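Here are a few notes to read alongside the model. Have it open while you go through them.

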There are 2 protein chains.
Amino acid sequence: MIQMLRFSDPGFEAAFAKIVARSETLPEGVEETVRTIIDDVRRRGDQALFELTARFDRLELTSGTVQVSEAEIDRACAAVSAVSHAALKLAAERIAAFHAKQKVETWISTTEEDVLLGQMVRPLDRVGIYVPGGKAAYPSSVLMNAVPAKVAGVPEVIMTVPTPDGVVNPHVLAAARLAGVDRIFRVGGAQAVAALAYGTESIPRVDKITGPGNIYVATAKKMVFGQVDIDMIAGPSEILVINDGSGDPAHIAADLLSQAEHDELASSILITTDEAFAGKVAAALESQLQALSRQTIARRSIEDFGAIVVAESLDDAIAFSNRIAPEHLELAVANPFEILPRIRHAGAIFMGHHTPEAAGDYLAGPNHTLPTGGTARFFSPLGVDDFIKKSSIVSFSRSGLERLGQEIIHIAELEGLEAHARSVSIRLKD
Amino acid sequence: MIQMLRFSDPGFEAAFAKIVARSETLPEGVEETVRTIIDDVRRRGDQALFELTARFDRLELTSGTVQVSEAEIDRACAAVSAVSHAALKLAAERIAAFHAKQKVETWISTTEEDVLLGQMVRPLDRVGIYVPGGKAAYPSSVLMNAVPAKVAGVPEVIMTVPTPDGVVNPHVLAAARLAGVDRIFRVGGAQAVAALAYGTESIPRVDKITGPGNIYVATAKKMVFGQVDIDMIAGPSEILVINDGSGDPAHIAADLLSQAEHDELASSILITTDEAFAGKVAAALESQLQALSRQTIARRSIEDFGAIVVAESLDDAIAFSNRIAPEHLELAVANPFEILPRIRHAGAIFMGHHTPEAAGDYLAGPNHTLPTGGTARFFSPLGVDDFIKKSSIVSFSRSGLERLGQEIIHIAELEGLEAHARSVSIRLKD
């Protein structure tokens with residue numbers, strides 16, 4: 001059922017191109033719809049926000065009810081089982097511990113006696129976390145977005161989550177409390193993004209919006225970029241497994257399916273140097289698929305965008321991986337650290353036979369928000385960097401300006417910027 | 001000529017809103033023109049690129065002449081005076097030294113015996129630097145973009161610069177050589193951005209495009225974002241000077257004009273607690289303007305978007321600055337380090353009376369590419385961070401998976417993702 005390929009196959013490039021090109025195309029009309037919603041919320045604030053929520057989520061809101069109350073969060077937390085709460089708490093703690101290592105400090109350099117240079121690091125003032133509602137309401141997304149913001153020191157993290165027909169996922173609220181989210185608003189869609197970007201009477205304007213969402217949310221985020229910062233626009237998810245014939249084919253099949261069950265557009269690829277191993281993974285995939293509740297989605301994903309590639313060598317497999325720049329990369333080989341230095345591009349790298357991608361999805365510690373669709377060539381996982389910004393510090397003493405002033409004046413004149421030159425020369429004349 | 005304001009003026013908010021809203025509006029048709037150019041270069045490669053260059057730059061190119069030859073760069077360097085070369089070299093060295101301090105290393109955490117976590121840092125493979133041609137061909141822009149990329153370790157930095165009618169600025173080529181640029185192509189406009197983003201027969205595809213440009217270049221960068229990464233989209237430039245009555249009014253006037261001479265849309269604002277000082281700056285502005293070659297531009301900028309605000313207190317001045325989030329902030333006060341900790345948002349901060357902004361524009365060391373238009377709330381100066389990307393590393397041993405596996409399985413089941421749970425449980429069964 002899954003396609004088996006070799007680089008030497010005449011159809012290889014075509015098959016590979018189909019997988020790469022699988023991104024969702026923007027359906028007709030989405031941009032106009034989103035533009036209208038953003039303009040409406042920007043112009044009419046809460047009134048537009050509440051009307052749109054009534055229309056899309058069948059929920060009547062007022063300025064008194066748009067924010068989820070502390071009592072409601074208390075009730076949600078009480079409704080979560082002790083074992084679920086403990087698992088989410090462990091995840092929050094491990095995510096916080098990993099991200100704490102990403103923090104960077106303000107520094108100042110005193111190398112020169114007469115010129116001080118530095119870089120000041122500050123958290124953003126206020127961040128908005130978008131959390132999808134309905135079936136894709138994942139408490140892990142709340143943790144992966146809000147915990148790094150809090151670790152970065154963001155004083156105010158606000159969250160929006162749509163609650164169609166008023167239905168709230170208690171695990172999402174419990175995760176928000178564990179992550180230290182400050183305020184939660186029960187709105188979603190492009191209207192929530194617009195409210196976060198421009199502010200309404202009830203929802204304060206934020207500096208950055210992060211978090212996953214459907215095509216309307218993603219389009220809205222793209223449109224408000226510049227007014228606020230946004231995280232990356234995520235495309236469909238993908239996994240690449242590199243294998244050298246070691247390990248258990250059933251484990252690899254399980255990992256491929258864990259990606260495939262997300263989404264019909266997900267892509268799961270194994271590249272192995274062992275043809276017999278390839279065959280066993282294909283067989284295990286088929287038998288594991290039978291027993292899967294999300295079988296229809298997973299099967300579609302595997303059939304359309306899955307592949308097992310048999311490579312001549314590990315070198316070829318690594319080169320292929322660097323060409324794909326996968327979101328998730330499993331090094332399911334005997335000595336994963338031996339090949340790590342040759343991996344140039346990947347969102348997250350899962351080492352060896354005991355590290356299924358799912359470990360990273362929930363609680364290993366690193367973020368599960370990762371660059372997709374080959375953008376690991378230039379994008380990084382979500383992290384503390386996303387929630388801070390830097391300011392340069394320049395401090396010349398009189399002697400510093402005397403020492404370097406002539407060169408500043410010279411370059412300014414070279415560029416024809418006389419007033420620039422004069423701002424230096426006027427200080428040296430006195 | 002420059003408007004004088006107080007917060008208590010009834011017209012204050014309106015005057016301030018006019019300054020904030022001064023961004024260039026996209027002229028009718030730019031988006032369609034740029035879209036057409038990008039599609040054309042993407043489809044027809046060099047052929048389209050050369051036709052567009054012939055049309056816009058009146059320059060006939062071939063695959064043999066599109067790249068600037070080493071001999072031509074040699075000749076340009078020879079044409080640059082020794083004193084200019086020394087000034088540019090000093091700038092390149094100081095920029096490299098500052099940016100070297102921004103580098104971060106790959107790390108791995110061995111806190112847990114059975115779970116290794118880390119973050120791998122890699123430079124981007126290939127970066128494209130866009131350099132404007134004509135009057136805005138600034139060698140300092142070449143240095144500020146290319147040097148950080150090389151400091152980050154980018155193996156291949158390529159540069160595009162339009163050469164209308166074949167005219168090249170020798171200082172731009174000399175700066176490129178000093179910065180370590182690997183290849184230079186004589187193309188510009190949206191067609192150069194498209195070539196960098198998608199590649200042509202002559203120009204290789206890059207991973208990120210940085211550098212300033214006109215409205216067509218900026219629009220093209222926005223359109224190819226996602227296909228490649230881009231730096232921020234710069235709006236018109238601005239300076240805010242905070243003053244406490246100390247220092248020389250003529251110096252401050254010179255600094256305000258150094259911003260104003262850039263562009264009619266530039267904004268130069270002084271906020272001072274000393275009304276007499278405010279008057280003296282206004283007078284000095286008028287007299288310095290008379291002697292300025294770019295008087296027409298600077299006067300328009302000062303009249304339309306300049307202001308001197310008299311504040312009741314330094315506290316008020318600081319609050320105003322944090323509201324503006326200025327690109328350039330001068331703390332022209334007696335004790336600038338005393339108020340630094342209260343500055344929340346600024347691209348670059350120039351400390352005290354001997355640090356004109358122009359020092360930072362050329363060779364202090366920090367980057368002159370800074371967030372404009374209030375985006376210092378969430379964007380940072382261009383730097384080494386822009387030319388690297390990170391990959392997370394996750395490595396569980398068998399015992400690590402045994403220790404944490406039940407919680408992973410639990411969260412996966414909470415989220416209804418059965419195959420995720422199974423990828424862990426299947427490994428624990430053996």
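1. Starting with the domain 1–domain 2 interface in chain A: the rule turns up zero salt bridges across it (a side-chain nitrogen of Lys or Arg within 4 Å of a carboxyl oxygen of Asp or Glu). It does find two residue pairs in polar contact there, both at pLDDT 80 or more. A polar contact is a pair of N or O atoms within 3.5 Å; within protein, one must be able to donate a hydrogen and the other to accept it, and residues adjacent in sequence count only if both atoms are side-chain atoms.

2. A word on conventions: this is a predicted model, where local features need pLDDT of at least 70, side-chain atom pairs count only at pLDDT 80 or more, and totals for chains, interfaces and linings use all residues. Residues are numbered from 1 along each chain as written, chains are lettered from A and ligands numbered from 1 in the order written, and side-chain values use heavy atoms, leaving out hydrogens and water.

3. The C-alpha centres of domain 1 and domain 2 of chain A sit 32 Å apart, with bounds from an automatic or database domain assignment. Seven residues of domain 1 and nine of domain 2 make the contact (heavy atoms within 4.5 Å).

4. Over in chain B, Ser140(B) lies in helix α6, residues 139–152 (a DSSP run of H or I, at least four residues, numbered from the N terminus). Ser140(B) counts as buried because its relative accessibility is 4%, the cut-off being under 20% with a 1.4 Å probe, protein chains only.

5. Leaving out residues up to four places away in sequence, Ser140(B) touches Asp361(B), Tyr362(B), His368(B) and, from chain A, Glu415(A).

How values were computed
Helices (H or I, at least four residues) and strands (E, at least two) are DSSP runs, numbered from the N terminus. Buried means under 20% relative accessible area, exposed over 50%, partly exposed in between (1.4 Å probe, protein chains only).
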